[in-house]
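Take a look at the chain below.

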Amino acid sequence: MEKLLLIPGPSPVHPRILDALVAPTVAHTSPEMAADMSTALDGLKKIVSSAQGEPFIFAGAGTLSMEVAILNTAGPDDRVLILSQGYFGDRMEEICRSFGIAHDVLRAPWGSAIPPEALAARLRESRYAVVSVTHVDTSTGACAPVEAYGRVLKDSGILYIVDGVCATGGIDERMDAWGIDVVLTAAQKAFGAPPGLAICVFSERAMAKRKALPSVPAYYSDILRWLPIMKDPKKYFSTHGVNEVRAFADAVRMMLEEGMPARLARHQRTARAFRAGLAGLGFSLFTEAAYLGDTISVPVYPAAVDDAAFRTALGRNGVVVAGGLAGTAGKLFRLGHMGNLSRDQILFAVEAVEKTLVELGYPFARGSAVSAAQAELG
Ligand code: PMP
C-alpha cells in the first residue's frame with residue numbers, strides 16, 4: 001500500500017507532477033527542456049515576489065543551495081552572521097567552517113527563533129557583510145520573523161540570505177518588499193515536487209556582489225557559470241535533471257494556477273486543522289506559539305504514548321511521520337504538511353492518528369480529532 005508521506009520533506013507528489021516526471025527523458029539542451037526550464041525560472045520569481053532577481057535551478061538539493069548562496073555572496077574579507085534556530089542553521093555554520101568563511105552564530109533555544117531586536121543589537125556591535133537565516137528550521141518547526149529581520153537589515157548594505165527549504169511556496173517570502181537578497185530552497189517540500197533540484201533566486205545586489213568577487217571557491221556552485229544557461233537554457237554547462245526540471249515546472253504551474261494567496265491560505269488552514277486535531281488528543285506543540293509556521297508541526301507526545309510504538313503503528317495505518325532529532329528524539333514527532341495535500345489526505349492522516357491511538361489503548365473520544373480538523377478545513 002502506498003503510504004502518505006508526512007515527514008517534513010519530501011512531501012507527497014501530486015499525480016500530475018509524477019506524470020511529468022515519468023515522461024520520456026529528452027535532451028538536456030532541447031527546446032522542450034528549455035521551455036520547461038524557462039517556465040520554472042519565471043514562475044519561481046513570481047513565487048518569491050522578485051521582479052529583477054536571477055533565478056537558478058540545477059541538479060542537487062537544499063544543502064547545495066546553501067553552499068551556492070554563501071559561496072557566491074561571502075568573499076575572503078567578509079564576515080557572515082548566521083541566525084540559527086536549529087539543525088539547519090547549524091549546518092550553515094558547518095558550511096562556513098568547511099570553506100574557511102569567517103562567521104559568528106546567534107543561536108536561539110530550540111523551539112524559538114532569534115528576536116529581531118537581538119539581530120539589531122548584534123549589528124550595532126559588529127560588522128557583517130552577510131546575514132543568513134533559516135526561515136523554518138525543520139528540526140524544531142520554528143519559523144523565523146524574516147520580514148522583521150528585513151526591516152532591521154534595510155539600508156545596512158548587508159546581504160540577506162533566507163534558507164527557504166522548508167518554507168518557500170508554503171509560507172510567504174517577498175524578496176523585493178522585505179529586502180531579501182538570496183532565497184535558497186529545494187523542490188521537495190512546499191513546492192510538492194520530487195527531490196533532486198537546488199533552487200536559488202539572487203537579487204540584483206547579490207548578483208552585483210558575486211560579479212565583484214574575482215573568484216569563488218567553487219566550480220559547479222559558481223552562479224556565474226550557470227547564468228548564461230539560465231538566460232538561454234539551450235546552452236550547456238552541466239546536464240540538467242531533465243525529468244526533475246519538467247516535474248518542477250509542472251509543480252510551479254500548479255502553484256500559479258492555484259494562486260499564491262490561495263496557496264498560502266490553504267497552508268494556514270492545513271496547519272490549523274492538524275493542530276486542532278492533535279490538541280484534542282492531548283498532544284502539545286514543541287514550537288513556541290510565537291514562532292509557529294504553516295509547513296510543519298512538531299507535536300509532543302502525551303506521557304502515555306511511546307514514540308516507536310506510535311510511529312510504527314501509524315506507518316501500518318498508512319502515514320509516515322518523522323521522529324525528533326538530537327535531544328528531542330523519543331519525545332515528539334515531526335509532521336510535514338506542505339505542498340499539494342488535499343482535504344482528503346489531511347483527514348485520512350488525522351483518522352490514521354486516531355486509529356493508531358486506539359490500537360495503542362490510549363483513551364480519547366473517537367472521532368473528536370477528525371471533527372476538529374474538519375471544522376478548521378470548513
Ligand atoms: N534547510 C532546511 C531548512 C531544511 O529543512 C533542509 C532539509 N530538511 C535543508 C536545508 C537541506 O536540504 P536537503 O536535504 O535537500 O539537502
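About 2200 Å² of area is buried between domain 1 and domain 2. Carbon and sulfur atoms give 60% of that area. On the domain 1 side, Met260, Arg263 and Tyr291 lose the most area to domain 2. Together these three make up 26% of what that side buries. Why quote an area here? The size of an interface is often given as the accessible area lost when the parts come together.

The model is predicted. Its domain assignment places residues 4–8 and 259–377 in domain 1. Residues 15–258 form domain 2. So much for the bounds; now the contacts. In domain 1, 25 residues are in contact with 31 residues of domain 2. The C-alpha centres of the two domains lie 28 Å apart.

## Around the ligand

Which residues are around the ligand? They are Ala61, Gly62, Thr63, Met66, Phe88, Thr134, Val136, Thr138, Asp163, Val165, Gln188 and Lys189. Sorted by class, this shell has five nonpolar, five polar and two charged residues. Helix H3, residues 62–71, gives the largest share of the shell: three residues.

In Asp163, a side-chain N or O atom is 2.7 Å from a nitrogen atom of the ligand. In Lys189, a side-chain N or O atom is 2.6 Å from a nitrogen atom of the ligand.

How much of the ligand's accessible area does the protein cover? On its own, the ligand has 390 Å² of accessible area, and the protein covers 85% of it.

## Two points in the backbone

Now turn to the loops. Gly9 and Pro10 are joined by a cis peptide bond, with omega about 0 degrees. Pro10 is in the loop between strand S1 (4–5) and helix H1 (15–22).

Ser49 sits in another stretch, the loop between helix H2 (31–47) and strand S2 (54–59). What is phi of Ser49? The value is near 50 degrees, which is positive in a residue other than glycine.

Technical notes: Residues are numbered from 1 along each chain as its sequence is written. This is a predicted model: local features need pLDDT of at least 70, side-chain atom pairs count only at pLDDT 80 or more; totals for chains, interfaces and linings use all residues. Side-chain values use heavy atoms; hydrogens and water are left out. A residue is near a molecule or strand if one of its heavy atoms lies within 4 Å of it. A polar contact is a pair of N or O atoms within 3.5 Å; within protein, one must be able to donate a hydrogen and the other to accept it, and residues adjacent in sequence count only if both atoms are side-chain atoms. Accessible areas come from the Shrake-Rupley method with a 1.4 Å probe; for residues, only the protein chains shown count as cover. Helices (H or I, at least four residues) and strands (E, at least two) are DSSP runs, numbered from the N terminus. Ala, Val, Leu, Ile, Met, Phe, Trp, Tyr, Cys and Pro count as nonpolar, Asp, Glu, Lys and Arg as charged, and the others, Gly among them, as polar. Domain bounds come from an automatic or database domain assignment. Contact means heavy atoms within 4.5 Å. Buried area is the accessible area (1.4 Å probe) that two parts lose on being put together, summed over both.
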